[in-house]
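Colleague: I'd like to learn how to read aromatic contacts in a model. Could you walk me through them, starting with burial?

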Amino acid sequence: MTPPTIPKSHKPSTIEHLTVELAGEAVQLDPRGVLLLDHGQTIVVADLHLEKGSAFARRGTFLPPYDTLATLVRLETIVNSLRPERLISLGDGFHDSAGARLLTGEVADRLQRLAQRLEWIWIRGNHDELLPDTLPGTIRDDLTLGHLTLRHLPDRETGNLIAGHLHPIARIGDRRRKTRRPCFVHDRRLMLMPAFGSYTGGLNILDPVISGLFDTTFTPYLLGQHRLHRTRPDLLIPDPPDWRRHRI
């Protein structure tokens, strides 16, 4: 089987960042699904789910085994363009803890080389609670940066929280045209990040699991090719009843 063609990086000048405020701090959103802090010195990605293909294979479901390489190449492209000093993987960096232990070959070498270029912090997620200490970088349960808390699982109680886990997706449209895109979701108290991994599905942000995290209204920012698209709440539509619900 021939691996898929991996697109070359976008020119940095074509990517438009959008700045929002969380806990009085400027947070930059990148349409490639990355969040920037500390004036771009820190980048955050959520839900890489590396080795999801191999995890499925161990359970008897065979998928093309290229997800980890494709995800790391995309991440390396972003690191090359932004040149951060620190990278935070906001939980579920691997689809399961076994994948983190069994990583070998080209993908292991690529991860090692990438992690040597900056400070790499792995936040534990519900899929990878038992990360091995042989991984490059450091492993944490959560992290505090200034007034912000970074953790995998979101909740209603923790203020000024940046979290992942739910893989938010917005479906928008009218009778003539519809689209379904990964998105950031934000209400000045909580920021939910889109999943970055190549084999990650998503949960509609109108689902009570997501909408119930917010007291009043929230703003979705849909990922586009070069910029983010803020959408009006009245354009949001639920998934149809037979839509395959994202498993978290």
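Modeller: Gladly. A residue counts as buried when its relative accessible area is under 20%. Keep in mind that this is a predicted model. Here F94 has 0% relative accessibility, so F94 is buried. W122 is buried too, with a relative accessible area of 0%.

Colleague: How many aromatic pairs does the structure hold?

Modeller: The structure holds 3 aromatic pairs. To name the geometry, look at the angle between the planes: under 30 degrees is stacked, over 60 is edge-to-face, and the rest is tilted. The ring centres of F94 and W122 are 5.4 Å apart and their planes meet at 35°, so this pair is tilted.

Colleague: Where do F94 and W122 lie?

Modeller: F94 is in the loop between β5 (86–90) and α3 (97–102), while W122 belongs to strand β6 (residues 119–123), so their pairing ties together parts 28 residues apart in sequence.

Colleague: And is the pair of F214 and F218 stacked, tilted or edge-to-face?

Modeller: With planes at 40° and ring centres 5.0 Å apart, the F214 and F218 pair is tilted. F214 counts as buried because its relative accessibility is 4%. F218, at 12% relative accessibility, is buried as well.

Colleague: Which residues do ring pairs link into a cluster?

Modeller: That cluster consists of F94, W120 and W122.

Colleague: Which ring has the charged end of R74 over it?

Modeller: It is the ring of F196: the charged end of R74 sits over that ring, 4.1 Å from its centre.

Notes:
Residues numbered from 1 in each chain as written. Predicted model: local features only at pLDDT ≥ 70, side-chain atom pairs only at ≥ 80, totals over all residues. Heavy atoms only, no water. Phe/Tyr/Trp six-rings, centres within 6.5 Å; stacked < 30°, edge-to-face > 60°. Helix = DSSP H or I, 4+ residues; strand = E, 2+ residues; numbered from the N terminus. Buried < 20%, exposed > 50% of the residue type's maximum accessible area, 1.4 Å probe, protein only. Lys NZ or Arg CZ within 6 Å of the ring centre and 35° of its normal.
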